[in-house]
Amino acid sequence: MVVIGGGFAGASCARALLRQELAVDVTLVEPNPTYTACPFSNAVIAGLRSLESQTFGYGRLRSAGIKVVHRRVSAVETQQRTVRLDDGKQLGYDRLVIAPGVDLRFDAIPGYTEDAAEAMPHAWKAGEQTLLLRRQLAAMQDGGVVVMSVPANPYRCPPGPYERASLIAHYLKTNKPRSKLILLDAKDAFSKQKLFEVAWRELYPDIIEWVSLSAGGQVTRVEPATRTFVTEFATHRADVANVIPPQRAGQVAMIAGVADQTGWCPVDPVTFESKSLPAVHVIGDAIIAGGMPKSAFAANAQAQECARAIVDLLSDRAPAPPKLINTCYSLVAPDYGISIAGVYRPVDGLLTDVSGAGGLSSLNAPKSVRVQEAAYARAWFNNITRSVFG
Amino acid sequence: MKGEVCKPVRCILAVAMMMAVPALALGDSPAGAASCLGCHPAKADDGPVPALAKLPAQQIVTAMLAFRSGTRPATVMDRIAKGFSDEEIDAIARWYARANKK
């Protein structure tokens with residue numbers, strides 16, 4: 001068994017496959033020696049957490065019996081059922097699982113190239129970029145203007161940009177209270193919108209300004225030299241600029257041939273088998289998951305169900321339709337948590353919301369519930385990182 | 001909630017038993033059960049979310065039905081419980097109870 005990609009989907013699936021008592025070898029292929037988790041990385045940007053607390057090694061996966069190979073994949077040969085690595089070595093497989101994650105598109109916003117991410121960080125893959133944005137915020141004068149741009153759907157972590165805006169606003173309110181944050185959005189509606197808006201009115205009324213698509217929020221061009229965002233209606237010069245660009249499935253999805261023309265990967269919602277390649281399963285942010293969002297919680301849930309389906313397929317049993325849960329917490333302030341939840345099952349080839357289930361935190365919940373949800377958010381992060389990497 | 005008070009000796013025993021429990025094998029898990037482990041730890045820990053493999057099946061069923069009907073206050077479990085039928089809740093509860101005995 002070979003798993004490509006060592007994030008919340010891939011590492012979790014490798015562990016789940018190993019637990020199945022199948023007596024199979026599990027090899028995890030991941031180019032990076034450590035994993036830096038995106039959930040809670042917005043708190044790092046706001047100076048509330050260290051990047052170290054986001055960073056995890058693969059040592060425990062190794063000691064559990066998974067062979068971890070830090071290499072890039074150069075080809076997937078489905079006829080021979082082999083994965084070729086960039087050192088020329090080949091890995092044979094019975095079933096291949098790919099968890100490509102996302103790639104940021106540096107061809108989508110004119111002016112926003114990979115080099116531009118130095119002046120206008122994306123910080124949408126946690127790591128050096130996270131620290132870069134934090135340093136730029138720390139260096140900004142009081143009274144400065146932070147501008148963020150947010151893409152249209154789909155992208156990794158739908159409520160993430162709004163959590164980031166909230167926590168940056170918290171940092172500004174605490175440290176640089178005369179500053180402003182402008183959120184340029186390529187959408188007219190967003191995840192947990194009502195909850196965020198209620199919290200922003202209460203906590204950051206003079207700091208955050210959200211500019212929707214219809215109000216001219218779509219960025220048509222950026223100028224990194226002057227940290228300028230150009231929209232159809234206006235130009236916004238930023239003291240600190242954060243561009244969250246459009247995304248697509250990670251490059252290994254293109255190398256393997258599991259992504260379609262949308263840039264994302266169609267899969268069977270029962271087995272997570274690719275609709276393009278036989279015996280290849282795709283999980284996590286890169287898939288077209290119907291109603292399920294691109295979140296670490298969803299990736300982990302898909303990883304478990306994919307492993308379960310693979311066990312059935314290898315045992316010549318028909319995999320039973322799964323039911324999956326997603327719960328995404330966002331912090332609006334350090335002790336102010338909100339959540340969205342959903343329950344999903346396969347309907348007509350897509351993972352679909354179970355109607356009547358899921359939804360948002362209550363709009364008029366007392367402060368104690370917000371505090372409690374912030375605690376649950378931290379507990380979720382601790383539990384999931386421990387179960388995947390610990 | 002009778003019997004919820006955790007006497008130290010019983011707690012130590014429970015923790016010791018959990019240590020001996022192998023990680024949950026998901027091969028025979030009923031629909032929905034695997035997702036619970038996103039928030040609920042496989043082994044009891046010091047966090048606010050209980051480990052399900054520690055709980056008797058009936059306690060999970062009772063809690064889920066109360067969350068689903070709204071009679072038990074919740075932050076998120078009321079929203080999640082509404083996605084599961086009586087049969088699914090029962091199967092999940094029994095699976096975690098079995099995992100406890102392994």
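Good morning. The model is predicted, so local features need pLDDT of at least 70 and side-chain atom pairs count only at pLDDT 80 or more, while totals for chains, interfaces and linings use all residues. Residues are numbered from 1 along each chain as its sequence is written, chains are lettered from A and ligands numbered from 1 in the order in which they are written, and side-chain values use heavy atoms, with hydrogens and water left out.

I begin with two helices of chain A. Helices are DSSP runs of H or I with at least four residues, strands are runs of E with at least two, and both are numbered from the N terminus. Helix H8 of chain A covers residues 296–314, and helix H9 of chain A covers residues 367–389. The two pack at an angle of about 40 degrees, and their axes are 11 Å apart. The axes are lines fitted to C-alpha atoms, for helices over the stretch in contact, and the angles run from 0 to 180 degrees between N-to-C directions. H8(A) passes H9(A) in a left-handed crossing, a term for the near helix being turned anticlockwise from the far one by less than a right angle.

Which residues make this contact? From H8(A) come Ala296(A), Phe297(A) and Asn300(A), and from H9(A) come Trp380(A), Ile384(A) and Val388(A). Contact here means heavy atoms within 4.5 Å. By class, the residues of this contact are 5 nonpolar, 1 polar and no charged. In that scheme Ala, Val, Leu, Ile, Met, Phe, Trp, Tyr, Cys and Pro are nonpolar, Asp, Glu, Lys and Arg are charged, and the others, Gly among them, are polar.

Let us look at one residue from each helix. Phe297(A), in helix H8 of chain A, is buried, with a relative accessible area of 3%. Buried means under 20% relative accessible area, exposed over 50%, and partly exposed in between, using a 1.4 Å probe and protein chains only. Leaving aside neighbours within four places in sequence, Phe297(A) is in contact with Ile325(A), Asn326(A), Thr327(A), Trp380(A) and Ile384(A), and also with Ser35(B), Gly38(B) and Cys39(B).

Glu373(A) belongs to helix H9 of chain A. Is Glu373(A) buried or exposed? Glu373(A) is buried, at a relative accessible area of 1%. Beyond four places in sequence, the contacts of Glu373(A) include Tyr329(A), Ser361(A), Thr75(B), Val76(B) and Arg79(B).

I turn now to chain B itself. Chain B has 5 helices and 0 strands, and along the sequence its pattern reads α-α-α-α-α. Of its 102 residues, 43% count as buried. Among contacts in chain B with a separation of 6 or more, 58% join residues 24 or more positions apart. The accessible surface of chain B is about 5500 Å², and 65% of that belongs to carbon and sulfur atoms. These areas come from the Shrake-Rupley method with a 1.4 Å probe; for residues, only the protein chains shown count as cover.

Next, the cysteines. A disulfide is a covalent bond between the sulfur atoms of two cysteines. Here the criterion is a pair of cysteine sulfur atoms within 2.5 Å, and a search of the whole structure finds 0 disulfides over all chains. Cys157(A) is partly exposed, at 28% relative accessibility, whereas Cys328(A) is buried, at 9%.

Cys157(A) brings us to the loops. Cys157(A) lies in the loop between S11 and H5 of chain A, and its phi is near 60 degrees, a positive value in a residue other than glycine. Pro154(A) is also found between strand S11 (145–150) and helix H5 (160–175), and the peptide bond from Asn153(A) to Pro154(A) is cis, with omega near -5 degrees.

Arg227(A), in the loop between strand S14 (219–223) and strand S15 (228–231) of chain A, has a positive phi as well, near 50 degrees. Arg227(A) is partly exposed, at 28% relative accessibility.

Thank you for your attention.
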